[in-house]
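Biologist: Hi, could you walk me through this one? I'm new to it and would like to start with the overall layout.

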Amino acid sequence: MSRLHIRESGVKSPRMLPIVLLHGWSCHGGFFDRQGEALAEETLVIAPDMPGHGKTKDAVDLTIETAADAVQALLEKRRLDRVLLAGWSMGAHVAFALIERHGADRVAVLLTEDMTPKVLNDETWRLGTRNGNDAEHNKDVLAAISAYWPQVGEKVAEGIFAEGLTPDPDLLAYAKREMLAADPALIAPMWASLTAQDFRPLIRKIEIPVHLVSGSRSALYGRDVAQWQAERLKDGHIHDFARSGHAPHLEEADAFTDLLRTLSTIA
């Protein structure tokens, strides 16, 4: 049974797939409010709070796998058998884990937003985070999350926006306020779980269409991350957002919403 807190708008439509939006680390489903409001009169939009985040808090175990199981349970409970599943950053890993653990029978289309299949770099993998974070350095990252979240969280919030551009001050203030409100005791285990994942073997096995949103000014991942996945997916498509960093759904919200609309429209 799913025990995720959900934000919901709209109703199911015969013309559009339901849309399920999975947020990134240290955020919550409210980061997709623009999309929920814009699409509310067209289809059902659901944005759950992941384990350790938002109002879900510690209602379920703090792992990517448990998050995936909870989202699958939500789809089953709501009898949603063909959805557009969109995952931003950590949310993409939850989506990957759902497909790996449960298959894609209930997912018609997958969208991932500015995310790699493996966050940590190593000797054979350099398409993790652009700052070179590896297993050894990640120990320090985890310690800092727990001990210095106000300082770390502020930098994380600033880092989701486009390099070389001045972020919208209201968006930046919102991101800082909401991310700093996260409980480091809950989001640290989710970071540990997130950075333990390696979905590279899964990429070749995904049968459904996968749309890879890439922020051209992302401080976290380059376009080569999306390219690597597109070259191995059976049905992969890259969508570049030229004025976005790690959060195109915030930075170019209308264009991102239009993409969701297009992908969820039933021909």
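Biologist: Thanks! What is the order of the strands in the open sheet?

Modeller: Keep in mind that this is a predicted model. The order is E1-E3-E2-E4-E5-E6-E7, which makes an open sheet of seven strands with mixed pairing.

Biologist: Which strands stand at the edges?

Modeller: Those are E1 (6-9) and E7 (236-241). Each has a single partner strand, so one side of each has no neighbour in the sheet.

Biologist: And how many degrees does the twist average from one strand to the next?

Modeller: The average is 20 degrees.

Biologist: Let's take E1. How many bridges join it to E3, and do the two run parallel or antiparallel?

Modeller: E1 and E3 (residues 45-48) run antiparallel, with four bridges joining them. If you want to find the spot in the viewer, look for Arg7, which stands opposite Ala47 in E3.

Biologist: What holds paired strands together in general?

Modeller: Strands of a sheet pair through backbone hydrogen bonds, in either the parallel or the antiparallel sense.

Biologist: How does E5 pair with E4?

Modeller: In the parallel sense, over six bridges, with E4 covering residues 83-88.

Biologist: Where does the chain go between E4 and E5?

Modeller: From E4 the chain passes through helix H3 (residues 90-102) and then reaches E5. That β-α-β crossover is right-handed.

Biologist: And how does E5 pair with E6?

Modeller: E5 and E6 (residues 210-215) also pair in the parallel sense, over four bridges. There, Glu113 stands opposite Val213 in E6.

Biologist: Changing topic: what volume does the largest pocket have?

Modeller: About 670 Å³. The lining consists of 27 residues, and Trp25, Asn131, Val156, Trp191 and Leu220 are the closest to the pocket's centre.

Biologist: Which helices give two or more residues to that lining?

Modeller: Helix H4 (135-147), helix H5 (149-159) and helix H7 (184-194) do.

Biologist: How much space lies in the second largest pocket?

Modeller: About 200 Å³. The second largest pocket is lined by 14 residues, and those nearest its centre are His53, Gly54, Lys57, Ala181 and Ala182. By class, its lining has four nonpolar, five polar and five charged residues.

Biologist: One last topic, the backbone. What is the phi of Ser26?

Modeller: Ser26 has a positive phi of about 70 degrees, although it is not a glycine. For context, most residues other than glycine have a negative phi.

Biologist: Where is Ser26, in terms of the loops?

Modeller: Ser26 is in the loop between strand E2 (19-22) and helix H1 (33-39).

Biologist: Why does Ser26 count as buried?

Modeller: Because its relative accessibility is 1%, and buried means under 20%.

Biologist: What about Arg79, what phi does that one have?

Modeller: Arg79 has a positive phi too, of about 55 degrees, and is not a glycine. Arg79 sits in the loop between helix H2 (64-77) and E4.

Biologist: Is Arg79 buried or exposed?

Modeller: Exposed, because Arg79 has 70% relative accessibility and the cut-off for exposed is over 50%.

How values were computed
Residues numbered from 1 in each chain as written. Predicted model: local features only at pLDDT ≥ 70, side-chain atom pairs only at ≥ 80, totals over all residues. Heavy atoms only, no water. Pairing = 2+ DSSP bridges. Right-handed = clockwise from strand over helix to strand, strands pointing away. 1 Å grid on protein atoms, 1.4 Å probe; cavity = no way out; pocket = protein on both sides within 12 Å on 5 of 7 lines; lining within 4 Å. Points joined across faces, edges and corners; volume = space filled by probe spheres on them. Nonpolar A, V, L, I, M, F, W, Y, C, P; charged D, E, K, R; others polar. Axes fitted to C-alpha atoms, helices over the stretch in contact; angles between N-to-C directions. Buried < 20%, exposed > 50% of the residue type's maximum accessible area, 1.4 Å probe, protein only.
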